[in-house]
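This report describes the fold and packing of the structure shown below. Please keep the sequence and the model in view while reading.

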Amino acid sequence: FQYIHEETQGLSGARNRCTELADTEFIHFIDDDSLAYPNFIKNTLDCIDRYTDLHVIGGKTEPNWGSEGRPPWLSENLLGLLSMLDLGDKEIFFNDLPPNKQWFVGANICFRKQSILDYGGFDNSLGRKGSNNSLLGGEENDLLEKIAKENLAIYSPNIVVDHLVSGKRLNQSWFLKRIAWQSVSEIMANDIWIEEQHGISEFIEGNLGYLTEDCSTAECFEGKLKLVQYLIFKILHGGDIK
């Protein structure tokens, strides 16, 4: 193991430095609160061996709730905000996924080193930085989308990690902050997927009551997060989304 001090603040800077220093063909990133399943490395190498032109692998990331337990207001649709990913039990090519499922999580993602270099690395303007309290993200998928337009990327259900869920995140205020920063990240990465949807203004106007709602059900809280996401996106994108 090597421990390197990197002056560039943030996760993107650390990953770019790791890429420069690595002497392997592939680099597999997992989070410091992820626990790899048995055969994690073996299954990664097996996937690489079977697809010789592979550039990115996204693995399955399952929640480990620890002693806290999962709150009743947290639906399956919101687990992605905790960097969880489960696209089923079959391998899927990234470009065969529906548009709203075309993303992997940084807690379990493997890149060909040369692809990271060829496509400009991780954007230092995106991603978490320890010097502030922002929840800015999107750096992995910004790079993934660039690579996958011209190269093979795949989801593998056999490459699995448990992702520990901190008790500090199991409250509704953290999720509201998280979804707001998600909108900021998407705008900065020019991932304007929300424009493709219809009835956004109508949804906002018809559901403003969620802002003062103290949600106890998953349906209520999912609607509240959707409202906040749309509002932030609309404000930051110039208010021109119809």
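Why can β3 be called largely enclosed by the rest of the structure? Eight of the 11 residues of β3 are buried, so this strand is largely enclosed by the rest of the structure. Here buried means under 20% relative accessible area, exposed over 50%, and partly exposed in between, with a 1.4 Å probe and protein chains only.

The model is predicted, so local features need pLDDT of at least 70 and side-chain atom pairs count only at pLDDT 80 or more, whereas totals for chains, interfaces and linings use all residues. Residues are numbered from 1 along each chain as its sequence is written, and side-chain values use heavy atoms, with hydrogens and water left out.

**Overall composition**

The protein chain has seven helices and six strands, in the order α-β-β-α-β-β-β-α-α-β-α-α-α from the N terminus on. Helices (H or I, at least four residues) and strands (E, at least two) are DSSP runs, numbered from the N terminus. Of the 242 residues of the protein chain, 44% count as buried. The accessible surface of the protein chain comes to about 13000 Å², of which 50% belongs to carbon and sulfur atoms; these areas come from the Shrake-Rupley method with a 1.4 Å probe, and for residues only the protein chains shown count as cover. Among contacts (heavy atoms within 4.5 Å) between residues at least 6 apart in sequence, 78% join residues at least 24 apart.

**Strand pairing**

Two strands pair if DSSP finds at least two bridges between them.

| Strands | Sense | Bridges | A bridge pair |
|---|---|---|---|
| β1 (residues 26-30) and β5 | antiparallel | five bridges | H28 and C110 |
| β3 and β5 | antiparallel | three bridges | G58 and I109 |

Strand β5 is mostly covered, with five of its five residues buried. N108, C110 and R112 point one way from β5, while I109 and F111 point the other way. In a regular strand the side chains alternate between the two faces of the sheet.

Helix α7 (residues 218-236) has 19 residues, which should span 27 Å at 1.5 Å a residue; its end C-alpha atoms are 27 Å apart, which agrees. The expected span is 1.5 Å times one less than the number of residues. The buried residues of α7 include C220, F221, L225 and F233.

**Cysteines**

How many disulfides does the rule give? With a disulfide defined as a pair of cysteine sulfur atoms within 2.5 Å, the count comes to one disulfide. The disulfide joins C215 to C220, with an S to S distance of 2.1 Å. The angle about the S-S bond is -60°, and the link of C215 and C220 is left-handed. Both C215 and C220 are buried.

C110 is likewise buried, with a relative accessible area of 1%. The closest cysteine sulfur to that of C110 is in C47, 8.5 Å away, which is too far for a bond. C18 is partly exposed, with a relative accessible area of 32%.
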